[in-house]
Amino acid sequence: MAKPMHDTPMLDQLESGPWPSFVTGLKRLANDNDMMVDLMGQLETSYETRKGYWKGGTVGVIGYGGGVIPRFTELKDENDKALYPEAAEFHTLRIMPPPGMHYDTNTIRKFCDIWEEHGSGLIAFHGQSGDIMFQGCTTDKVQPAFDELNEMGFDMGGAGPAVRTGMSCVGAARCEQSCFDEGRTMRTLVNNALDDLHRPALPYKMKYKVSGCPNDCMNSIQRADFATIGTWRDDMKVDQVEVKNYVETRGRKYIIDNVITRCPTQALSLNDDDTLDVDNKNCVRCMHCINVMTKALSPGDDKGVSILIGGKRTLKIGDLMGTVIVPFHKLETDEDFEWLEELATEVLDFFAENALEHERTGEMIERIGLTNFLEGIGIEIDPNMIERPRMNPYVRTDDWDEEAAKWNERQAAQ
Amino acid sequence: MAEAPRMPDETGVPEMDAYLHPVLKKNYGDWKWHDRPRPGVLHHVANSGDEIWTVRAGTQRQMDVYTIRKLMDIADEFAEGYVRFTIRSNIEYMVSEESKVQPLIDKLNAEGFPIGGTGNSVSMISHTQGWLHCDIPGTDASGAVKALMDELYDEFTKEEMPNRVRITTSCCQINCGGQGDIAINIQHTKPPKIDHDQVANVCERPSVVARCPVAAIRPAVVNGKPSLEVDEKKCICCGACFPPCPPMQINDPEHSKFAIWVGGKNSNARSKPTFHKLVAAGVPNNPPRWPEVSDVVKKILAAYKEDAKDWERIGEWAERIGWPRFFEKTGLPFTKYHIDNWRGGRANLNASAHIRF
């Protein structure tokens with residue numbers, strides 16, 4: 001203990017300024033933690049040379065194939081000896097939080113005690129994947145640290161080509177815009193796929209994100225292979241007395257400029273008596289007017305979810321957003337949740353069997369086409385899945401009549 | 001015989017009930033409306049008549065146990081023993097009495113935690129791991145974010161932007177930080193330098209070849225050893241080959257720069273979700289405070305704050321005033337690199353007579 005601190009003139013400059021400083025936190029840990037002394041030494045070196053010095057490896061816990069992010073230093077002298085030996089191993093444990101990232105203080109205090117005993121004392125709430133990241137642990141301490149966290153009722157998160165840790169918004173716990181039980185949904189999706197989460201064997205990652213309304217606070221359309229977003233299919237609820245109050249307090253011009261004319265489908269109109277007229281058939285559930293007039297407007301009563309598949313960021317073929325594959329489905333009863341579980345299983349199985357190595361669902365759909373994907377998972381086509389019909393004539397329409405008959409049959413059955 | 005090892009309890013995502021503030025648990029799925037009494041404070045009212053006030057504070061995300069315990073002490077003493085975290089690493093304290101809000105705010109401020117990040121503010125930057133823990137970083141994350149949030153502190157604690165501003169940073173082009181109103185991402189400018197002695201030992205060559213978006217990598221024998229070579233004319237310097245093959249050194253202390261992107265939007269409110277667009281590149285990777293990055297970000301924010309209408313996000317503002325005016329108002333140079341030439345890129349060209357004069 002009490003290894004002397006390295007000089008860190010560059011990091012020191014990040015102690016000043018009004019925003020909370022992680023460097024001050026690292027230093028406090030380094031007072032009685034040699035691993036953090038050397039971690040700061042390596043980090044300062046990175047700041048000087050503008051290079052990273054970690055490499056991966058294979059570290060895990062018994063029974064699982066993933067969830068630990070192994071880090072070994074590459075900053076070594078000519079004899080292959082680590083320059084900062086106490087931080088030569090600096091692994092991270094990814095642990096899944098409860099949906100909505102709620103905690104009581106005792107739980108977090110226990111996390112701190114465990115991580116002070118077995119790790120560096122550095123914890124991130126939370127990583128971009130939604131995990132609690134217990135950062136900085138030697139190989140031999142990974143197992144005892146995990147065992148204690150696991151005894152508390154927490155489980156390892158995903159890493160590598162696997163189902164990843166899910167995310168859900170605060171939702172029903174504290175938001176009137178919530179359209180379903182986000183927490184139950186997130187647990188249904190992730191806990192249904194724990195084998196593929198803990199034992200990475202998929203072509204690439206599979207992410208589930210759950211947002212309670214189209215504000216999509218979990219960024220699911222852009223970041224999730226499987227996005228579940230709340231919506232409703234009856235009329236939006238309008239409290240006309242509150243609408244009038246808004247007009248009176250904010251002014252008619254404000255309401256016209258910021259609510260009426262901002263509606264993307266011109267579905268709103270302010271009546272002469274300052275009540276609101278809503279063309280619900282043309283409302284696309286964008287949430288804007290509800291966001292502005294939180295007291296007057298709210299989602300309808302016939303709530304459910306839309307499901308979009310295939311969102312991801314850049315590599316390899318470029319950014320992709322999710323595509324609607326389920327415009328609406330109720331998500332209330334046990335049967336509804338069983339339906340969701342079955343759909344998610346179909347999607348996961350199809351992905352596992354048909355995606356190329358390192359290909360995400362969005363890229364797979366781009367390669368094989370949406371209709372092939374839908375056929376594979378047993379979902380009927382729907383015009384809500386498209387932005388507009390095909391614009392190019394390069395298509396064979398041999399069995400047009402049969403396809404049209406299918407559509408007419410489905411319409412007649414409704 | 002050795003003792004059998006402990007096998008994990010494969011419990012998955014825990015139920016939230018045990019961790020939920022009692023008022024949230026009681027009114028689960030039954031909230032009526034909310035407002036924001038002041039920046040950093042949310043006030044939710046349930047159909048039951050119950051009310052809850054949420055105080056949101058910024059954190060440094062990478063937290064030492066002392067800081068975390070301090071936050072928990074505050075939760076026990078000034079709040080009601082329950083907290084949650086937002087997607088942007090802000091901590092939220094829930095209290096069931098309005099009278100507790102101000103003392104809680106005062107205590108958090110006294111301990112150095114800013115109150116804000118709600119509504120039309122600049123919230124905490126969502127960021128990645130960088131030099132602290134990533135194996136492929138071109139820069140640091142925590143440091144760049146700390147430096148920038150120092151500069152944007154007032155925009156976090158006030159709600160003075162036209163609409164919310166969500167900033168992200170990413171230490172490579174994989175962009176783990178995600179889409180943002182403003183995204184600050186490393187952009188490599190030189191092809192990888194290959195350590196040919198290592199490739200055969202470390203890399204599965206066919207999968208590295210397959211990883212390249214422009215098919216610029218091919219197997220080769222160099223100095224008698226199996227290795228890889230890069231067609232440098234084709235290479236777009238994306239760094240995709242580096243994670244599966246670390247000898248393809250893409251990070252370059254001098255030539256890896258920052259690029260700034262604007263107009264990413266996750267929400268469906270008003271317009272459909274959008275991806276962010278490149279507006280600046282060649283910004284130096286200059287630790288420990290990355291002042292050149294702050295300059296560009298502040299320029300964009302100042303122009304947006306001055307010119308956008310209420311509720312317009314940065315991307316919506318730019319689309320309304322047109323990109324020529326965006327470059328004019330921000331003073332950023334427009335270059336040939338802004339013109340998309342990736343597949344499908346012509347969709348991003350102006351195929352109309354819509355021109356503003």
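Let me begin with the core: of the 206 residues in the largest nonpolar core, those that touch the most other members are A:I123, B:I182 and B:I260. A nonpolar core here is a set of buried Ala, Val, Leu, Ile, Met, Phe, Trp, Tyr and Cys residues joined through C-beta atoms within 7 Å. Buried means that 20 or more other C-beta atoms lie within 10 Å of the residue's own, with C-beta atoms placed from the backbone.

The model is predicted: local features need pLDDT of at least 70 and side-chain atom pairs count only at pLDDT 80 or more, while totals for chains, interfaces and linings use all residues. Residues are numbered from 1 along each chain as its sequence is written, and chains are lettered from A and ligands numbered from 1 in the order in which they are written.

Leaving aside residues up to four places away in sequence, A:I123 touches A:F111, A:W115, A:I132, A:M133, A:F134 and A:Q135, and in chain B it touches B:M63 and B:I68. Two residues count as in contact if their C-beta atoms, placed from the backbone, lie within 7 Å.

Which strands form it, and in what order? Five run as β2(A)-β4(A)-β7(A)-β6(A)-β4(B), in an open, antiparallel sheet of 5 strands. Strands are DSSP runs of E of at least two residues, and helices are runs of H or I of at least four, both numbered from the N terminus; two strands pair if DSSP finds at least two bridges between them. β2 (68-69) of chain A and β4 of chain B are the edge strands, each pairing on one side only. Across the chain boundary, β6 (residues 122-125) of chain A and β4(B) pair in the antiparallel sense over 3 bridges, with A:L122 opposite B:D64. Further along, β2(A) pairs with β4 (residues 92-95) of chain A, antiparallel, over 2 bridges, and A:I69 has A:T92 as its bridge partner.

Next, the interface as a whole. Here 104 residues of chain A are in contact with 95 residues of chain B. On the chain B side, the elements giving two or more residues include β1 (31-38), β4 (62-64) and α2 (65-78). The largest share, 8 residues, comes from α2(B). By class, that side has 46 nonpolar, 30 polar and 19 charged residues. Ala, Val, Leu, Ile, Met, Phe, Trp, Tyr, Cys and Pro count as nonpolar, Asp, Glu, Lys and Arg as charged, and the others, Gly among them, as polar.

Within chain B, β1(B) and β2 (residues 41-46) pair in the antiparallel sense over 5 bridges, and B:H34 is bridged to B:H44. In their hairpin, which has 2 residues between the strands, B:G40 takes a positive phi near 90°.

A further open sheet of chain B has 4 strands in the order β7-β8-β13-β14, with mixed pairing. Why do two of its strands each have a side without a neighbour? β7 (167-170) and β14 (277-283) stand at the edges with a single partner strand each, so one side of each is left without a neighbour in the sheet. β7(B) and β8 (residues 182-187) pair in the parallel sense over 4 bridges, where B:S170 stands opposite B:N185.

Finally, chain A is divided into domain 1 (9-151), domain 2 (167-233 + 304-413) and domain 3 (242-298), with bounds from an automatic or database domain assignment.

Methods: Buried ≥ 20, exposed ≤ 12 C-beta atoms within 10 Å, placed from the backbone.
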